Amino acid sequence: MGTPLDSGIKGYNNYGTHLKEKYKGQRVFKVIVDGGFTCPNRDGSKGYGGCTYCNVDSFTPELSRKLPTIREQLEQGMERGKGFYKADKFIVYFQPNTNTYAPVHYLKMMYDEALSINSEDVVGFSVGTRPDCIDAEKVALLESYTDRFDVDLEMGMESIYDETLNQINRGCSHGEFVEAVKLLDNSKLDLCVHTIFGFPWETEEMMLEYIHEINRFPKIKFVKFHHLHIVEGSIMGAKYKKEPFKLFTLEEYTDLLCKLIPLLRPDIIIQRLFGISDWDLLIAPNWGLNKSSIQTYIDKEIEKRGIVQGSAYVPAVAIV
């Protein structure tokens with residue numbers, strides 16, 4: 001007799017189940033698009049070098065990096081999705097760098113082009129950005145697509161502590177994140193928030209506070225949790241090679257997830273529990289497992305420990 005996990009039932013509100021239910025059993029695959037954007041703390045408007053942990057290539061599929069046009073990226077990405085993943089429908093996902101960091105007329109031209117390609121197979125549109133690169137005009141542009149697609153704005157919170165944000169050269173404060181979320185209060189857009197756990201100067205108690213902060217915002221529908229990993233081509237990577245510092249083992253990171261998932265508001269959907277980089281770019285931590293094996297390990301531990309999302313959730317005062 002199998003376990004609930006064997007039947008696809010997990011102890012948390014997971015993205016795969018959400019997509020399956022929302023799109024009536026169809027397989028939905030995200031196709032990543034590199035629109036050639038930069039960031040305000042790369043081009044000098046706020047700083048140079050980007051966030052210290054970041055090398056954009058480390059989270060951009062090789063296919064997207066090699067193909068020059070949006071059409072080529074999407075057509076080949078969809079072909080791969082249908083062939084390898086047996087995908088029925090797609091979410092167009094502008095991921096690398098800051099994908100609202102341009103004038104609105106330019107953004108519209110780029111988004112329109114992407115969403116015109118095999119549009120009969122596209123159900124969703126996802127745009128990754130920073131809190132300081134979104135405003136009412138850009139929100140209105142993204143909302144203009146909600147009559148045809150499910151649209152979500154993915155925004156990097158990373159840490160709730162300004163001291164950390166300063167140390168990683170983030171170029172914006174947590175207060176700016178709060179203001180950006182408030183801007184979306186009455187929006188038709190879904191909001192996904194991205195966090196990073198494991199900055200060596202943050203304690204476990206500090207990291208668990210991320211969850212209480214996320215819970216305060218009714219607008220947050222999705223979260224992506226990442227552990228800090230060190231990649232080639234990043235400022236933090238160069239520092240780590242000179243003087244290595246403590247990073248999560250897989251067991252330690254799983255322990256943290258098992259403590260934070262019960263605290264998380266039960267309606268929030270977890271899109272991702274960990275981050276991963278191409279092997280040729282990853283410096284540390286190297287857990288020696290592929291993405292699927294890491295996911296399986298974490299899910300089995302969550303089940304074994306009887307972890308249930310929201311079981312320790314305490315309603316917080318919402319931001320108004």
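Two strands pair if DSSP finds at least two bridges between them. Helices (H or I, at least four residues) and strands (E, at least two) are DSSP runs, numbered from the N terminus. The model is predicted: local features need pLDDT of at least 70, side-chain atom pairs count only at pLDDT 80 or more, and totals for chains, interfaces and linings use all residues. Residues are numbered from 1 along each chain as its sequence is written, and side-chain values use heavy atoms, with hydrogens and water left out.

**Exercise 1. The sheet**

Task: Give the order of the strands in the open sheet and state how they pair.

Solution.
Step 1. Strands of a sheet pair through backbone hydrogen bonds, either parallel or antiparallel.
Step 2. Here seven strands form an open sheet in the order β1-β2-β3-β4-β5-β6-β8, and the pairing is parallel.
Step 3. At the edges are β1 (28-33) and β8 (269-272), each of which pairs on one side only.
Step 4. From one strand to the next the twist averages 25°. Axes are lines fitted to C-alpha atoms, for helices over the stretch in contact, and angles run from 0 to 180 degrees between N-to-C directions.
Step 5. Six bridges join β1 and β2 in the parallel sense. I32 has Y93 in β2 as its bridge partner.

**Exercise 2. The surroundings of β5**

Task: Describe how strand β5 (residues 190-197) is covered, and find its pairing with β4 and with β6.

Solution.
Step 1. Buried means under 20% relative accessible area, exposed over 50%, and partly exposed in between (1.4 Å probe, protein chains only). Seven of the eight residues of β5 are buried, and the strand is mostly covered.
Step 2. Strand β4 (residues 150-158) runs parallel to β5, and six bridges join them. E154 stands opposite C192 in β5.
Step 3. With strand β6 (residues 220-227), β5 pairs in the parallel sense over seven bridges. T195 has F225 in β6 as its bridge partner.
Step 4. From β5 the chain passes through helix α8 (residues 204-215) to β6, a β-α-β crossover that is right-handed. A crossover is right-handed if, with the strands pointing away from the viewer, the path from the first strand over the helix to the second runs clockwise.

**Exercise 3. Two packed helices**

Task: At what angle do α8 and helix α10 (residues 250-260) pack, and how far apart are their axes?

Solution.
Step 1. Two packed helices are described by the angle between their axes and the distance between the axes.
Step 2. For α8 and α10 the angle is about 45°, and the axes are 10 Å apart.
Step 3. α8 is therefore oblique to α10. Angles under 35 degrees count as roughly parallel, over 145 as roughly antiparallel, 65 to 115 as roughly perpendicular and the rest as oblique.
Step 4. The crossing of α8 past α10 is right-handed. A crossing is left-handed if the near helix is turned anticlockwise from the far one by less than a right angle, and right-handed if clockwise.

**Exercise 4. Salt bridges**

Task: How many salt bridges does a search of the whole structure find? Examine some of them.

Solution.
Step 1. A salt bridge is a side-chain nitrogen of Lys or Arg within 4 Å of a carboxyl oxygen of Asp or Glu. The search finds 22 salt bridges.
Step 2. K89 pairs with D121, and their closest N and O atoms are 4.0 Å apart. The pair links distant parts of the chain, 32 residues apart: K89 lies in strand β2 (residues 89-94), and D121 in the loop between α4 (104-115) and β3 (122-129). Both K89 and D121 are buried.
Step 3. E252 forms a salt bridge with K246, with 2.6 Å between the closest N and O atoms. E252 counts as partly exposed because its relative accessibility is 32%. K246, at 52%, counts as exposed.
Step 4. D267 and R265 meet in a salt bridge of 2.7 Å, N to O. D267 is partly exposed at 43%, whereas R265 is buried at 7%.
Step 5. A network of salt bridges links K46, R130, D132 and E176.

**Exercise 5. Backbone details**

Task: Where is N97, and is N97 buried or exposed? Which peptide bond is cis?

Solution.
Step 1. N97 is in the loop between β2 and α4. Its phi is positive, about 65°, although N97 is not a glycine.
Step 2. N97 counts as buried because its relative accessibility is 19%.
Step 3. The peptide bond that joins A284 and P285 is cis, with omega about -10°. P285 lies in the loop between β9 (282-284) and α11 (291-304).
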